[in-house]
Amino acid sequence: MVEAERPENIWVASEMSSSSSPAAIESRDFSIIDSTDGIRDDVRRLGIASPPQLDKGSSKNDLGFTERVLSAAGAAVLSAVTLNPLDVVKTRLQAQAAGLSYSHPLSNSIGRMAFFGPNMMFADLRCSPSCSRAGVQGTVSICPPDCFQYKGTFDVFTKIIRQEGLSRLWRGTNAGLAVAVPMVGMYLPFYDLFRNRLEILSREKAPATTWCVPVVAGSLARSLACTVCYPIDLARTRMQAFKEAKSGMKPPGVLKTLVGVVSEVRTANNFESSLHNYRVLYRGLGAQLARDVPFSAILWGTLEAMRRRLLGVVGNDTNLLGVFGANFSTGFVAGSIAAATTCPLDVARTRRQIEKDPGRALIMTTRQTLVEVWRDGGMRGLFMGMGPRVARAGPSVGIVVSFYEVVKYVLHHHASS
């Protein structure tokens, strides 16, 4: 009976706690198998069937890399679709602080002439049909400028819904899915891989450094995922930040947005076609890594410590609900802490991604951007959008980590049975 319960305990030890390394688990498994070889021979001679769990390895052997990727991708889809509105709100607040104007695009006669011609000069320019603050200037209804200025998280929500429609809160979701699925699909499996390898190495070479294994593994995995998926993330940010001048026109998608980014540089360089022009697709990558690497280090360092303590309280009685609860709660807290701490770097990243001047976009550095943000807005500017960022990051990390670990738990027990 004791042997039959070992797979569940091994899963908890190897997958959920860094206190027992894969090397130690494997060595214990092999010693048990060696010591029970004689017993198994006697059992076979007596014709007694041995429990199938005795021949199973640990969960990391039952669960392949493909299953881990699919688990992480499913978690990314759920998180991206559910929490995209908070990402839009955060981006709008940071873009406005960077100087991006959200006034009515046709609020002057030249703009109306350019779009509609002289017959449409006196179009109704209220921010929404229900707005009661529009004043009459001649025969034109024009809202005051503050109708188009965002004053806080809730104000962004209400104005986007009123002026652009509810669906605009999910603007950039297709880009979010395009970046989240491959990014998280790479991030979590490679984190598992790096963590397991580094744990073995640290226990053999430098036991005193075992505590920093999650920090290093998370940083490496995040750097790899961010670098591969960065152009799509650039498109998502620009899709969320900019309004469309024509209300009835379909906004550009991911590909069209990226083509527009490259076209800006080609125009500035007198239409010269070279690889240098495409370097703009990676502008802000330094700011992205400067944000995501510390975020990941703080996240996993905090999450693993809290998760180990929670699972230590539960012990060997961990079930599906326990796995979900431990991972969601620790992911929520760790994600919120990491998001709040790295908010200034997120502001710098957003500012670099929405920069429309191609020359400036290519020469600005993350440090210069942070200095500029501090000069323009002080501490408030550095932490602009922290509310929606934390409100999104906490649930997002909780959903992704708990979904990923629950699927791994279910697949492991399915394989064991």
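Where is Leu166 found? Leu166 sits in the loop between α7 and α8 (173-205), with helices (H or I, at least four residues) taken as DSSP runs numbered from the N terminus.

This is a predicted model, where local features need pLDDT of at least 70, side-chain atom pairs count only at pLDDT 80 or more, and totals for chains, interfaces and linings use all residues. Residues are numbered from 1 along each chain as its sequence is written, and side-chain values use heavy atoms, with hydrogens and water left out.

Now the helix pair. The axes of α5 (residues 65-97) and α7 (residues 153-164) come within 10 Å and cross at roughly 100 degrees; axes are lines fitted to C-alpha atoms over the stretch in contact, with angles from 0 to 180 degrees between N-to-C directions. The two helices are therefore roughly perpendicular, a label for 65 to 115 degrees. On the α5 side, the contact (heavy atoms within 4.5 Å) is made by Pro85, Leu86, Val88, Val89, Arg92 and Leu93. On the α7 side are Thr153, Val156, Phe157, Ile160 and Glu164.

Next, salt bridges. The structure holds 22 of them, each a side-chain nitrogen of Lys or Arg within 4 Å of a carboxyl oxygen of Asp or Glu. One is formed by Arg392 with Asp87, the closest N and O atoms being 4.0 Å apart. Arg392 lies in α17 (residues 386-416) and Asp87 in α5, so the pair ties together parts 305 residues apart in sequence.

Last, Glu355, in the loop between α14 (343-353) and α15 (358-363). Glu355 and Arg283 are 72 residues apart in sequence and 9.5 Å apart in space, C-alpha to C-alpha.

Methods
Angles under 35 degrees count as roughly parallel, over 145 as roughly antiparallel, 65 to 115 as roughly perpendicular and the rest as oblique.
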